[in-house]
Amino acid sequence: MAHEVMTQKSARPEKTFAFDYLDKHAHQIALLNDSVFYFGELGMQEHETARLLCELLEENGFTIERNLAGFPTGFCASWGKGSPVVAIHTEYDANPDNSQKAGVTEPACIVEGAPGHCEGHNSNAAVMVAGAIAAKKAMEKYGLAGQLKVFGAPAEEQLVSRPYYVRDGYFDDVDVALTPHIGGQFNVGYGLIQSSLISAYFTFHGESAHAGSAPWKGRDALDAVILMDVGMAEFREHMMPQSMCQRVITQGGDQPNVIPKRAQVWWYFRGPTAEAAMSVFERAKKVAEGAALMTNTSVEIDVQSAVWPVRGNRTLAELVEREYEQIGAPGWTEEEDKLARTLQQRAGVKVEGLSRDTARIKGPATQKPASNDAGDVSWKVPMAKFYFPANIPNISYHHWAAGVALATSIAHKGAVAGAKVLAASLIELFADPAIVQEAKRTFAEELGESSWFSMLPKDQQPPVNLNRATMERYRESMRTHYIKERPRFL
Ligand SMILES: [Zn+2]
């Protein structure tokens, strides 16, 4: 019986149509993938990327709301009428100082010191837009009812946008959501997948003085940053298992003979639950106050973002799994596999080439310490986060090696396959709304007593200036590498 249902579903003409559309647009998907790769834009500064994605969706009949929730590079593109309302969302930001030439298996910058994609959010964007357009065209042709909403989510690397979207009500009318993410293999899970995170700046204010001739007149803000660090290092010993914190010092003074009157440290506090992350943050505030007291300085705390741990809904995970089991891994060439093996060897990880199979769901996911700003969405509505094979397996992200495949045929084929899984899952949800009802039922069970609330401070506004100076410094030299041919989806 189960087999019969599967065969019947795989034969849906809507899906055959969408797959055919995506195959015919494989070159356009590659162009889109590569365009975003060479834009290489940091979070909150994804202006070229967001403009291109919005234009492509708009040309295909979607209505665009730009500047979503006050995010200049955020958007929501909607199409269709009635129910169900299905949302898809993903990120398209790069990382600082991660410029890497495509296809080169040694560290090699495109532009020295510039930002670059070193995870594959460029392919996320290609999958989301191509998958959305293909599904929309199939819905239109076969008269499927329902609304498709495509959310562009800026600054995932700083965990910023989606908690604001959820707080501001953009998911209130959404029934279910899907989010594609690059990986080394088709994979999807349910249960708690990632961790909760709070991102905050701690800025200490003191008083400057000549460090050589009158140090007693100064109140050193950098001392406070360092003492906070010492306090947090001691606190780490007493944290609950699975809780973590990391920091970078973003301001530490200008020159040694001027006592810094201003110093700043940027912290990420992580925990397996929202409550756990909040309790680490509460303790850190006390450590900061202590550091300020010891140095006769004052501290200002500015929360950038606060996200719930990403969870996956079982019904939706099983839906996506069924679709990628039918589509399968892309057929890799010898040459592509060789590139993967060379890179795996060079990066000192397990050498096994590209993945030729898909990951099956074997039970609830193992929760990872990493976080993603999609977390809030996954507590508001049933959501599946799935991975598509457009990067080389085993390579760890945010490292030059993870940028190598991202504008090669590996990413291109992976993006086409990812877009097919996304389009097929969307078509199933619109063609068979019973799946949506079932996802809502299992979601209610999965949540039990817990319910979403915004962890953001009240009235918190998006950090629109984040990464602006860095992006402005490099944009002109990066522009010379942009892809000249513009993708078209007709
Ligand atoms: Zn990511």
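**Helix packing and domain layout in a predicted model**

The crossing in which α2 passes α5 is right-handed. On the α2 side, the residues that take part are Pro13, Glu14, Phe17, Ala18, Tyr21 and Leu22. They meet Ala130, Ala134, Ala135, Lys137, Ala138, Lys141 and Tyr142 of α5. Sorted by class, the residues of this contact are ten nonpolar and three charged, with no polar ones.

From α2, the contact draws on Glu14, Lys15, Ala18, Phe19 and Leu22. Their partners in α12 are Val416, Ala419, Lys420, Ala423, Ala424, Ile427 and Ala431. Nine nonpolar and three charged residues make up the contact of α2 with α12, and again no polar residue is counted. A look at both lists shows that Glu14, Ala18 and Leu22 of α2 take part in the contact with α5 and also in the contact with α12.

A further helix pair is formed by α7 (residues 221-236) and α8 (residues 274-295), whose axes come within 8 Å and cross at roughly 140°. The two helices are therefore oblique to each other, and their crossing is right-handed. Asp223, Ala224, Leu227, Met228, Gly231, Met232 and Phe235 are the contributors from α7. Facing them in α8 are Arg283, Ala284, Val287, Ala288, Gly290, Ala291, Ala292, Met294 and Thr295. Here the classes come to eleven nonpolar, three polar and two charged residues.

Next comes the layout of the whole chain. Two domains divide it: domain 1 is built from two stretches, 12-194 and 309-479, while domain 2 covers 196-307. How far apart are the centres of domain 1 and domain 2? Taken over C-alpha atoms, the separation is 33 Å. Where the domains touch, domain 1 supplies 17 residues and domain 2 supplies 16 residues. The side of domain 1 that touches domain 2 holds ten nonpolar, five polar and two charged residues.

Two details of the backbone also deserve a look. Most residues other than glycine have a negative phi, and most peptide bonds are trans. Ser83 and Pro84, however, are joined by a cis peptide bond, with omega at about 0°. Pro84 lies in the loop between β2 (75-81) and β3 (85-90). The other detail concerns Met44, a residue other than glycine whose phi is positive, near 75°. Met44 sits in the loop between α3 (26-39) and α4 (47-59).

Finally, there is the confidence of the prediction. The average pLDDT of the chain is 96, and 98% of the residues score at least 70. Residues 1-9, by contrast, have a pLDDT below 50, and this stretch has one contact in the model beyond near neighbours in sequence. Where pLDDT is low, the predicted coordinates should not be read in detail.

Technical notes
Residues are numbered from 1 along each chain as its sequence is written. This is a predicted model: local features need pLDDT of at least 70, side-chain atom pairs count only at pLDDT 80 or more; totals for chains, interfaces and linings use all residues. Domain bounds come from an automatic or database domain assignment. Two residues are in contact if their C-beta atoms, placed from the backbone, lie within 7 Å. Ala, Val, Leu, Ile, Met, Phe, Trp, Tyr, Cys and Pro count as nonpolar, Asp, Glu, Lys and Arg as charged, and the others, Gly among them, as polar. pLDDT is the predictor's confidence in each residue, from 0 to 100. Axes are lines fitted to C-alpha atoms, for helices over the stretch in contact, and angles run from 0 to 180 degrees between N-to-C directions. Helices (H or I, at least four residues) and strands (E, at least two) are DSSP runs, numbered from the N terminus. Angles under 35 degrees count as roughly parallel, over 145 as roughly antiparallel, 65 to 115 as roughly perpendicular and the rest as oblique. A crossing is left-handed if the near helix is turned anticlockwise from the far one by less than a right angle, and right-handed if clockwise.
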